[in-house]
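Open your viewer and keep the selection panel handy. We will go from stop to stop, picking a few residues each time.

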Number of protein chains: 2
Amino acid sequence: MSKLKLNITMSVDGFVAGPDQSLEHPLGVGGERLHGWLYPLKAFRGGHGEEGGEVNASTPFAEDILGGAGATVMGRNMFGGGPGPWDESWKGWWGDDPPFHHPVFVLTNHARAPLEMQGGTTFHFVTDGIESALEQAQAAAGGKVVSLGGGASVAQQYLAAGLLDEIVVSVVPILLGGGARLFENVGEAKLEQVESVEAPGVTHIRYGRA
Amino acid sequence: MSKLKLNITMSVDGFVAGPDQSLEHPLGVGGERLHGWLYPLKAFRGGHGEEGGEVNASTPFAEDILGGAGATVMGRNMFGGGPGPWDESWKGWWGDDPPFHHPVFVLTNHARAPLEMQGGTTFHFVTDGIESALEQAQAAAGGKVVSLGGGASVAQQYLAAGLLDEIVVSVVPILLGGGARLFENVGEAKLEQVESVEAPGVTHIRYGRA
């Protein structure tokens, strides 16, 4: 069975997105600062068609985020388009050729036909809950891992349900002062530390289920 | 000038003490689990007159907590004895021979004469604020660092005031679900990551002032 993995960047004060998330600020105000460790990397720049960039201890974690998964599960807010019934002109934040290149299962209360994009990404809209989305993603992943894309609320639900096999928390020395927390409403979830890796401006900590 | 350093253990959900702190639970309910990485260490056991114990990547951090400082600053709650005017029969949590072995400056609103204990620990009660306590501690530290003992509220005040030179956050894979957070009410404090070290069941991240 494909494992469900979450890679997420967290400020040292515990936020995975800043306050006041909106169309203009999908990661909340200041939230884009979270990923400052990622943008200079060759692994990130190459994935976005840019040349050059750094190779450092964060590289394997960037590669893990940007590739390797066979399917992704994400929440409605991460796909975007606002709450409520779909405006079908909204096709996500990522343009015509989204960076997933595999099936993406979007959790929503509102049914919508699958949306096939360029480059191998198809968005499937799942209305019957997190377990169903995970099962569909596992069936589609071709033996690779399933990536949990976020946001915080969906990650909390999978964590509380004991369905998350691995979390890589990339802790950055930033204080956001408010926003969305990953680790709340997670019930009796238990973690064990698998490894931690120092990299420039970030510490990557890999947790498994205890 | 002696630097002011804080060593603190934080759950991955951001708490440095559990909920409902009391005389019976000075670290809050479940808070004693935070320091599970420390107790098995030879450096800790030896400091408490016990033999044996482990030596691992946490050892330098334990040694840093248990020795090396020339003075300590702490808040009233960490010294204990409840709020309000002093019951002078209360002499702290640590018995006749407290583990500090140097001058300790306790922040309080209620004056009290210095309290000399065995083994070189003298508690001084400071009623004129955090800057005064730091200055007195620096004067008493004999060129060594000043340790900020906590708790969370005092640490927040020093952090917000830009008076904290270094923080070692020991992140443990525990979810406390509630309690006292270190990183809130800290204003515009800015940190930089100096190093991070993987150790069994804990990741030690050293931050400096950015």
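Where in chain B is the place of Gly151(B)? Select it and you will find the loop between strand 7 and helix 5 of chain B (helices, H or I of at least four residues, and strands, E of at least two, are DSSP runs numbered from the N terminus). The peptide bond from Gly150(B) to Gly151(B) is cis, with omega near 5°. Most peptide bonds are trans.

A word on what you are viewing: this is a predicted model, where local features need pLDDT of at least 70, side-chain atom pairs count only at pLDDT 80 or more, and totals for chains, interfaces and linings use all residues. Residues are numbered from 1 along each chain as its sequence is written, while chains are lettered from A and ligands numbered from 1 in the order in which they are written.

**Next, the sheet**

Colour the strands of chain B. An open sheet of nine strands runs in the order 5-6-4-3-7-1-8-11-10, with mixed pairing (two strands pair if DSSP finds at least two bridges between them). Its edge strands are strand 5 (115-116) and strand 10 of chain B. Strand 10 and strand 11 of chain B pair in the antiparallel sense over eight bridges; pick Val197(B) to find its bridge partner, His204(B), in strand 11.

**Where the chains meet**

Now show both chains. The contact takes 21 residues from chain B and 21 residues from chain A (two residues are in contact if their C-beta atoms, placed from the backbone, lie within 7 Å). Strand 10 of chain B gives the most to the side of chain B that touches chain A, with six residues. 100% of the interface residues of chain B are also interface residues in chain A, so the copies meet through the same surface.

**Into the core**

Select Val146(B). Together with Val146(A), it has the most contacts inside the largest nonpolar core, which has 118 residues. Such a core is a set of buried Ala, Val, Leu, Ile, Met, Phe, Trp, Tyr and Cys residues joined through C-beta atoms within 7 Å. A residue is buried if 20 or more other C-beta atoms lie within 10 Å of its own, exposed if 12 or fewer, and partly exposed in between, with C-beta atoms placed from the backbone. Beyond its neighbours within four places in sequence, the contacts of Val146(B) include Ser2(B), Leu4(B) and Leu134(B).

**Last stop**

Finish at Asp20(B), in the loop between strand 2 (15-17) and helix 1 (42-47) of chain B. Asp20(B) has a positive phi of about 60° although it is not a glycine. With 13 C-beta neighbours inside 10 Å, Asp20(B) counts as partly exposed.
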